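Subject: Structure handover

Hello,

I am passing this structure on to you. Please look it over together with the notes that follow it.

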Amino acid sequence: MSPQKRVKNSQAQKRTSQGRDTFQTSLSAWKVKEKPSDSNIWKQNNPVEAHEHVDDEAEDILQIAVGYFEKGPIKTSRSKDKILEKHLKTVENVAWKNGLAPEAIDILLNVALSGKFGTAVNTRILKCMIPTTLVSEESVVKAISWLCVGKCSGNTKVLFYRWLVAMFDFIDQKEQINLLYGFFFASLQDDALCPYVCHLLYLLTKKDNVKPFRVRKLLDLQAKMGMQPHLQALLSLYKFFAPTLISVSLPIRKKIYFKNSKDLWDSAVLAVRLRNHGPFSEPLKLTLSPADLHPLKRKWNSHSVIPRLNSGNYAKGQGKKEMSLSDHLSCNRSLPLEQLQSFPLLLKNIHCLELPSQMGSVLNNSLLLHYINCVRDESLLLRLYHWLSQILQEECIWYKVNDYEHGKEFTNFLDTVIRAECFLQEGFYSCEAFLYKSIPLWDGLCCRSQFLQLVSWIPFSSFSEVKPLLFDHLAQLFFTSTIYFKCSVLQSLKELLQNWLLWLSMDVHMKPTMSSPLETTLGESMNSVSALIHYVGWLSTTAMRLENNSTFLLHFILDFFEKVCDIYINHDLPLVVLLPPGIFYSSLLSLDTSIVNQLCYIMYRYHKNLIAAKKNELVQKARSEFSFSSKTCQQFNHYLTTMVGCLWTSKPFEKGIYIDPKILEKTGVVQFKNSLNIVHHPSLLSYAASFLLQCPEA
């Protein structure tokens, strides 16, 4: 061995031993202290410090209790059960009130999984494993090692895996846990553990973990147990990373595969955060400098549901000495996120970024959103989707715990998610599932702006699948709400159509970098877009009857169809869908000049798109997938003939749509044939009169 290698190895051993000694020292320093005496006078004179003294006494009692569990049960004394219950209640009370420090969790995890006490005691200990800050990776690895000994019961193992999934984002690092992937995978044989192990593997899986023998094992388990959601989830993730290894068909739609493992701990974790750090404050805007996010000034960023940006190595190094940027780059070969302060620095170090352990922290940081958008790593989005699904789909903990007291904070959180979607120009599947679950219970008032913006960012999917889950419920609210809500919904659906068209136009002309959520042909995609347009046409026609042909509402309807009429030219997609008759005739007979003007522009753009569609070779190439209907041209000619007969030739309703002259005579309009031409049309008559007034007298 060369001298240089020996020096490096000795330095590495010193650093490792120092790290272990530091951890052991912190544990020993945390252990039982002697209680101070004669403090009554001090308490009376200093009420604020007296409160802190009470907390110190509680901490001392907790240390005594943890020390008792660490030593093991007492075999002699009759009062053993009373002492055990006393210390157990102490741990539970402190944990549910203030949370437990990493050192206490380290000791109690060993106690619960080592089998020193009975199953009932171990269960109670695991149920109160509520961290104040983080959970040490080393503690988790030691706890997992106890599973190999076999001293704990099956119920204790199940509860431990549930706790591990629930606290996954609180673990400071996950490198060593990832090395145990094979051990976790082998645990799938246990029927009781299988759902929770699948959930853990879903969180840990990277592309390197997907192996042919693991795929075969999962398929064998599925053949044995049937189409279980947790197995489908893991198979879907494997197929996401290695499509060639899995040929079986899996559910296309994203859904909730796992039961919520946080039921036992989520409300307690939130309560501890609120108690330790105070209430939420206003949300953060996207920032370029994560180093400026100080936890004492940004309570929302630090202690709310969105975690503070933090990387494990950086946090460990802070307590020892200040490290320069060059030290980090030379030692760890990765740039801690706390050092990332500018976009040029991101470009220089995009290949060596250390991603946060809690993916939710990227929502408040535009640099990391840039990184996600550039690298297009599926695992990053999957981690983010999982974190959002825990917060949105399964919990809504703001409302559960605080009884709608923190509705503003929930609204601010949704605004943060929406800003991230706008930044990435991509809808999150977790938000889509949240809408499916929430819209049936939504009153149309709470968080209206946020809900409708989430609707506009629903990822492209089959309309026939989305309609019963979302649009049918939205239609009920639409018809029973005010005209202003109707206009807001139409604006949201217009933005949804715009996003779908942009995604489809990109997929047609370039191979997507990520696996498509829907393996559909071009014709099937166009059918979904067409169904959305017809749905909006149905909503619009019915709403015009309910609102007595409101001009205000008609403006929003025509804005939507102004986007529809240019689909072929603007997005190069083989689709032309005309506006419904109820909207066309309401616009043609409107008393508002801008409505008639907008209708004429829409008809002009329809004409351009139809001419281009007939000449373009794309229609011929795609004819096998999409049939360009001649009925569309016939309906357009029908509209155009009616419009020309009314506005230009003064022969209304003779061609296109026919109305018996006797019915027109009953209206009492003198010379009804000329009443809708470009001079006498009610919406244009004022312009004709103005023109005549400006003419010089004859």
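Below are the notes on what was found, grouped by topic.

This is a predicted model, in which local features need pLDDT of at least 70 and side-chain atom pairs count only at pLDDT 80 or more, while totals for chains, interfaces and linings use all residues. Residues are numbered from 1 along each chain as its sequence is written, and side-chain values use heavy atoms, with hydrogens and water left out.

Salt bridges

A search of the whole structure finds six salt bridges (a side-chain nitrogen of Lys or Arg within 4 Å of a carboxyl oxygen of Asp or Glu). Side chains of opposite charge can pair when their charged atoms come close.

One of the salt bridges joins E85 and R124, at 3.2 Å from N to O. E85 belongs to helix α4 (residues 80–98) and R124 to helix α6 (residues 119–127), so this pair ties together parts that are 39 residues apart in sequence. Helices here are DSSP runs of H or I with at least four residues, numbered from the N terminus. E85 is partly exposed, at 28% relative accessibility, and R124 is partly exposed too, with a relative accessible area of 26%. For these labels, buried means under 20% relative accessible area, exposed means over 50%, and partly exposed is in between, with a 1.4 Å probe and protein chains only. E85 and R124 are also linked with E92 in a network of salt bridges.

A salt bridge also forms between K467 and D472, whose closest N and O atoms are 2.8 Å apart. K467 is partly exposed at 31% relative accessibility, and D472 is partly exposed at 29%.

E547 and K486 make another salt bridge, with 3.1 Å between the closest N and O atoms. E547 sits in the loop between α27 (522–546) and α28 (551–564), and K486 in helix α26 (residues 483–509), so the pair ties together parts that are 61 residues apart in sequence. E547 is partly exposed, at 22% relative accessibility, whereas K486 is buried, with a relative accessible area of 1%.

Cysteines

How many disulfides does the structure hold? The number is zero, where a disulfide is a pair of cysteine sulfur atoms within 2.5 Å. As for individual cysteines, C374 is exposed, with a relative accessible area of 54%, and C422 is partly exposed at 34%.

Two helices

Helix α11 (residues 194–204) has nine of its eleven residues buried, so it is largely enclosed by the rest of the structure. The buried residues in α11 are C194, V197, C198, H199, L200, L201, Y202, L203 and L204.

The 14 residues of α28 should span 20 Å at 1.5 Å a residue, and the end C-alpha atoms of α28 are 20 Å apart, which agrees. The expected span is 1.5 Å times one less than the number of residues in the helix. Buried in α28 are L553, L554, I557, L558, F560, F561 and V564. They cover an arc of only 155 degrees around the axis, which puts them on the same side of α28; the arc is that of the directions from the helix axis to the C-beta atoms.

A contact along the chain

H230 lies in helix α13 (residues 229–241) and is buried, with a relative accessible area of 9%. The C-alpha atoms of H230 and P195 are separated by 5.6 Å, with the two residues 35 apart along the chain.

Positive phi values

Which value does phi of Q425 take? Phi of Q425 is near 55 degrees, a positive value in a residue other than glycine. Q425 lies in the loop between α22 (407–424) and α23 (429–438) and is partly exposed, with a relative accessible area of 43%.

C447 likewise has a phi near 55 degrees, positive in a residue other than glycine. C447 is found in the loop between α23 and α24 (448–456) and is buried, with a relative accessible area of 8%.

Regards
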